[in-house]
Amino acid sequence: MTERQLTETYCMIQEAAQHGDGYGIDEFDSETTFRHEIEGSDCFAIMCKESGEMLAGFILAVSKFYRGAAGVVDPFIIVKRSERNQKLGQFAMQKAVDFSKSLGYMGMYVDTFSNNLAIQRIIEKLEGFIKVGFLPLGGRLQNGTLVGSVIYYKDLTDEGLNLT
């Protein structure tokens with residue numbers, strides 16, 4: 001992503017938070033906080049071939065759930081509000097998995113708000129994701145409602161990890 005695309009991604013996340021669409025209202029209090037959170041991440045923009053407009057993006061951030069080396073990725077997926085319901089979220093999630101594997105990550109954690117049924121359906125359609133947990137306090141919506149987070153994991157290694 002370019003600097004402008006990172007700003008556009010931040011704005012799309014803020015708009016999604018305003019509508020309770022997968023991001024909390026208090027998730028990033030500023031673009032500076034957002035950029036600090038994703039520092040060192042691999043960031044990708046999905047562009048319209050004809051117009052050059054950014055339609056969606058995904059960021060492969062090092063997971064805060066994994067306490068070891070940078071071997072587990074936590075993707076941020078965002079689709080422009082006007083472009084939803086066209087399978088771009090599914091495309092972005094599949095590309096996030098493919099690129100994470102190519103970049104050598106061992107696994108992928110995905111945590112999403114319990115009310116974000118669209119991304120949950122996408123994750124559950126993709127092969128290999130396992131629902132591993134639920135946090136009762138995942139974030140706060142625009143109207144003040146607290147929502148939980150559903151957590152999924154996918155092993156990205158060829159040989160499979162021995163998880164206990």
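Reply: Let us begin with one pair in this predicted model: the side chains of Arg 35 and Glu 31 meet in a salt bridge, with N and O 2.9 Å apart. A pair qualifies when a side-chain nitrogen of Lys or Arg lies within 4 Å of a carboxyl oxygen of Asp or Glu.

Me: How many residues apart are Arg 35 and Glu 31 in helix α2?

Reply: They are four residues apart in that helix, and therefore about one helical turn separates them. Arg 35 has a relative accessibility of 24% and counts as partly exposed, while Glu 31, at 23%, is also classed as partly exposed.

Me: Which parts of the chain does the salt bridge between Lys 80 and Glu 53 tie together?

Reply: In that bridge the closest N and O atoms of Lys 80 and Glu 53 are 2.3 Å apart. Lys 80 sits in the loop between β3 and α3, and Glu 53 in the loop between β1 (42-47) and β2 (54-62), so the bridge ties together parts that are 27 residues apart in sequence. As for accessibility, Lys 80 is partly exposed at 21%, and Glu 53 is partly exposed at 31%.

Me: Where do the partners Asp 21 and Arg 84 lie?

Reply: Asp 21 and Arg 84 form a salt bridge whose closest N and O atoms are 2.9 Å apart. This pair links distant parts of the chain, since Asp 21 lies in the loop between α1 (3-18) and α2 (31-37), whereas Arg 84 lies in the loop between β3 (72-79) and α3 (88-102), 63 residues away. Asp 21 is partly exposed, its relative accessible area being 27%, and Arg 84 is partly exposed at 25%.

Me: What share of the contacts joins residues at least 24 apart?

Reply: Among contacts between residues at least 6 apart in sequence, that share is 58%. Buried residues, for their part, make up 45% of the 164 residues in the chain.

Conventions: Residues numbered from 1 in each chain as written. Predicted model: local features only at pLDDT ≥ 70, side-chain atom pairs only at ≥ 80, totals over all residues. Heavy atoms only, no water. Helix = DSSP H or I, 4+ residues; strand = E, 2+ residues; numbered from the N terminus. Buried < 20%, exposed > 50% of the residue type's maximum accessible area, 1.4 Å probe, protein only. Contact = heavy atoms within 4.5 Å.
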